[in-house]
Amino acid sequence: MSMETWLAFLVACWIISLSPGAGAIASLSSGLNYGFGRGYWTAIGLQLGLLLQIGVVAAGVGALLATSEMAFRLIKWFGVAYLLFLAYRQWRSVPVEMTTEAGIRPIGKPLALVFRGFLVNASNPKAVVFMLAVLPQFLDPAAPMAGQYLIMAATMIAVDLIVMAGYTGLASRVLRLLSSPRQQRMLNRIFAGLFGGAAALLATVRRASV
């Protein structure tokens, strides 16, 4: 991969990562609820899901999602159901007393947030089909494919980690301003609505006709 091609791909990665989506909502939600240090585990999970998507495209399985209506629908509706589950959990989240000494609500193992982030990205077939259309544009057919996919995966993950750190950090700052259960409840319901909106958008996605 030439430097010019990589720079063009780098710009594309920033545009893709900065675009609001379910991953950004998940990062904002985790930063709001758990602060940056703990909430950032969701971003790690998002990258594992992203890595899986790239691997699916590199293995050629992405072509199956692009051509098989059944495979596309199965993954899509799983993603819709999971986003609605996150909306429900956020809506029912119990406000806690915020103090200067303990301004972050307790959480279990970080693996729970990693798994949550992973499922958000892994259950989005639109992203796989999108990458199937975008990634080959930056590939050099004359060069080994594996090395090029590794470079693209490392670039996308590095950029997305930076962007999701921004989203998580922004929300964790907001956390410090929450002084009453009423304010927390309002924000929880706003994020529940955002997760529900993301689920509704995913439900309208159709496989591109071929």
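Student: Happy to start with helix α6: at 1.5 Å a residue, how far apart are the end C-alpha atoms of its 13 residues?
Tutor: Helices here are DSSP runs of H or I with at least four residues, strands are runs of E with at least two, and both are numbered from the N terminus. The expected span of a helix is 1.5 Å times one less than its number of residues, so the 13 residues of α6 should span 18 Å. The end C-alpha atoms agree with that, lying apart by 18 Å.

Student: Before we go on, what kind of model is this?
Tutor: Residues are numbered from 1 along each chain as its sequence is written, and side-chain values use heavy atoms, with hydrogens and water left out. Local features need pLDDT of at least 70 and side-chain atom pairs count only at pLDDT 80 or more, while totals for chains, interfaces and linings use all residues, because the model is predicted.

Student: Good to know! How many helices does the protein have?
Tutor: There are 0 strands in the secondary structure. From the N terminus on, the elements run α-α-α-α-α-α-α-α-α. The count of helices is 9.

Student: What percentage of the 210 residues is buried?
Tutor: Buried means under 20% relative accessible area, exposed means over 50%, and partly exposed lies in between (1.4 Å probe, protein chains only). In α6, for instance, L113, V114, R116, G117, L119, V120 and N121 are buried. Over the 210 residues of the protein, the buried share is 44%.

Student: Which way do α2 and α6 run: roughly parallel or roughly antiparallel to each other?
Tutor: Axes are lines fitted to C-alpha atoms, for helices over the stretch in contact, and angles run from 0 to 180 degrees between N-to-C directions. Angles under 35 degrees count as roughly parallel, over 145 as roughly antiparallel, 65 to 115 as roughly perpendicular and the rest as oblique. The axes of α2 (residues 22–39) and α6 (residues 110–122) come within 10 Å and cross at roughly 170°. The two helices are therefore roughly antiparallel.

Student: Which residues of α6 make the contact with α2?
Tutor: Contact means heavy atoms within 4.5 Å. From α2 it involves A22, G23, A26, S29, S30, Y34, R38 and G39. From α6 the partners are L113, R116 and V120.

Student: How many nonpolar residues does the contact of α2 with α6 have?
Tutor: Ala, Val, Leu, Ile, Met, Phe, Trp, Tyr, Cys and Pro count as nonpolar, Asp, Glu, Lys and Arg as charged, and the others, Gly among them, as polar. By that scheme the contact has 4 polar and 2 charged residues. Its nonpolar residues number 5.

Student: How are α2 and α3 oriented to each other?
Tutor: Their axes come within 7 Å and cross at roughly 140°. In this contact, G23, A26, S27, S30, G37, R38 and G39 of α2 meet W41, T42, A43 and L46 of α3. The pair is therefore oblique.

Student: Which residues does A43 contact, leaving aside its neighbours within four places in sequence?
Tutor: A43 is found in helix α3 (residues 41–58) and is buried, with a relative accessible area of 0%. Its C-alpha atom is 10.0 Å from the one of I157, 114 residues apart in sequence. The contacts of A43 are L161 and M164.

Student: Last one: which residues does T168 touch, not counting residues up to four places away in sequence?
Tutor: T168 is found in helix α8 (residues 145–175), and T168 counts as buried at 0% relative accessibility. L170 is also placed in α8, but L170 is exposed at 52%. T168 touches S27, G31, G35, F36, G39 and Y40.
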